[in-house]
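Hi there,

Here is the structure I promised to pass on to you. Please open it and keep it beside this email as you read.

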Amino acid sequence: MQKQIVLKEFEFLQYKDSTKFNFVKEEIFDALEKFVLENEKTAEYLKITTKKGFGKVLQAQNYVGVIQTKDGTTIEILPKIQSLNEEDSKKVLIKMLKTLKKSPFKNFNMANLKSSKMPLLEIFITMFLEELAKLIQRGIKSDYITKEENLKFLKGKLKINEQIKQNYIHKERFYVEYQEFLSDRAENRLIKTTLQYLYKKSKLNSNQQRIREFLFVFDEISISHDIKTDFSKVKPSRQMKDYEQVLLWCKTFLLENSFTPYKGDDVAFALLFDMNLLFESYVGSYLKKKGLDVSLQDKTHHLAYENGNGKFRLKPDIVINKDRDDLIIADTKWKILSEEKAYNGVAQADMYQLYAYGTKYEKCRQMYLIYPKDNDVTQSFYDYFQEKENLTLQVLFFDVTQDFNDNKFIEDTPSFVVSNVDEAKKRVSEAEKNAKYIDHDEFIKEIDSHIDSL
């Protein structure tokens with residue numbers, strides 16, 4: 001019987017005690033261990049360590065998602081968020097995935113998900129099938145496909161060289177090149193290949209049924225025999241815009257490593273996400289929706305220079321431009337702080353990192369370390385200089401369980417609020433200098449429009 005195991009971050013797999021929820025057979029454990037070792041230079045998807053009473057174990061780290069072994073055993077790893085149960089943790093994970101750029105998750109409507117109790121892989125398959133249903137409703141695209149065949153009648157263009165080679169004896173035949181308007185194009189082949197692949201993966205009756213129905217629609221289309229080549233043939237265009245999201249899903253499933261590259265064939269399927277990147281994306285999206293001018297992974301400065309060339313590029317997670325003379329830098333850390341640890345668990349390396357940002361970005365006066373809200377650890381406030389308060393760092397906590405509209409993170413952090421009235425006044429003053437008359441009503445509208453953007 002195929003088994004499914006659900007872990008939270010930092011829970012572990014073991015092969016000693018079959019009565020525990022986290023038990024896997026020793027051969028499965030060995031395959032997963034080999035997978036970890038082959039990828040340890042890329043990322044620590046699972047950590048090989050020891051636990052009392054279990055010996056060697058595989059402990060989940062900051063990567064969440066799905067790993068499926070060759071015997072069909074599925075391991076789900078969910079984010080550890082406060083005291084949320086499994087179902088609510090999946091909802092938060094999907095909500096965070098929706099903020100990833102160039103991902104297939106962003107257009108998914110949570111209302112279409114009938115139950116987040118279903119396995120995570122089945123949820124992803126459901127998302128793909130929802131997007132494909134929309135595409136089929138609009139109609140699958142056809143294109144002129146070039147073919148070469150040896151026919152009994154002349155059609156298209158006669159290929160002279162091939163005619164001589166192939167039909168020296170059979171002079172009644174014609175070796176021709178011609179075009180047909182067919183739906184058997186690269187995009188459709190990739191979709192059909194994905195459907196066949198997922199039919200073997202899915203264990204949910206409703207998903208299997210929908211896949212069978214969609215395979216009937218793609219019955220006359222062949223499968224892809226060279227997936228990477230077919231993906232290289234996919235060119236973005238206005239005509240093919242309806243295919244964008246579906247093909248992102250195809251790439252996710254068929255290439256498997258589009259989010260977290262991995263090596264080896266010890267597991268059958270893995271789709272894993274770095275929670276640090278997810279948290280950064282989620283907080284950045286929230287700040288943008290609140291109307292702030294946000295740049296993610298800014299690449300303006302280097303830490304040092306050699307012969308005038310920048311070395312050791314600085315990439316702060318979030319840069320917020322408040323106005324022309326003031327900006328804020330924030331770094332997100334997917335890490336639970338605790339008052340039982342020194343400095344509540346804030347790493348000294350992170351303090352050094354923020355100091356480098358603050359000194360290189362000359363307009364920066366305020367910096368933040370943002371952690372997920374988990375308990376009642378108090379916010380910390382630091383000055384980088386003892387005698388003058390011109391570079392400060394504050395530790396903040398962001399509640400990922402709240403929806404964007406309900407989240408009061410901005411309101412609870414007044415320094416994030418841009419001085420919109422002052423900025424509006426500056427713009428009006430500059431306009432007057434340029435002899436552009438702005439009356440009182442326009443001035444009031446200018447101020448109101450900036451305030452409304454918060």
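Below are some notes on its aromatic rings.

This is a predicted model, in which local features need pLDDT of at least 70 and side-chain atom pairs count only at pLDDT 80 or more, while totals for chains, interfaces and linings use all residues. Residues are numbered from 1 along each chain as its sequence is written, and side-chain values use heavy atoms, with hydrogens and water left out.

Searching the whole structure gives 23 aromatic pairs. Rings of Phe, Tyr and Trp (its six-membered ring) pair if their centres lie within 6.5 Å; planes under 30 degrees apart are stacked, over 60 edge-to-face, and the rest tilted.

Take W249 and F253: their ring centres are 5.5 Å apart and their planes are at 20°, so this pair is stacked. Both sit in helix α8 (residues 244-255), four residues apart, or about one turn of the helix. Helices (H or I, at least four residues) and strands (E, at least two) are DSSP runs, numbered from the N terminus. W249 and F253 are both buried, that is, under 20% relative accessible area with a 1.4 Å probe, protein chains only (exposed is over 50%, partly exposed in between).

Now look at Y286 and F398, an edge-to-face pair with 5.1 Å centre to centre and 75° between the planes. Y286 belongs to helix α9 (residues 275-289) and F398 to strand β18 (residues 392-398), so the pair ties together parts 112 residues apart in sequence. Y286 is buried, with a relative accessible area of 1%, and F398 is buried at 0%.

Finally, ring pairs link F105, F124, F128, Y197, W249, F253, F269 and F273 into a cluster.

Happy exploring!
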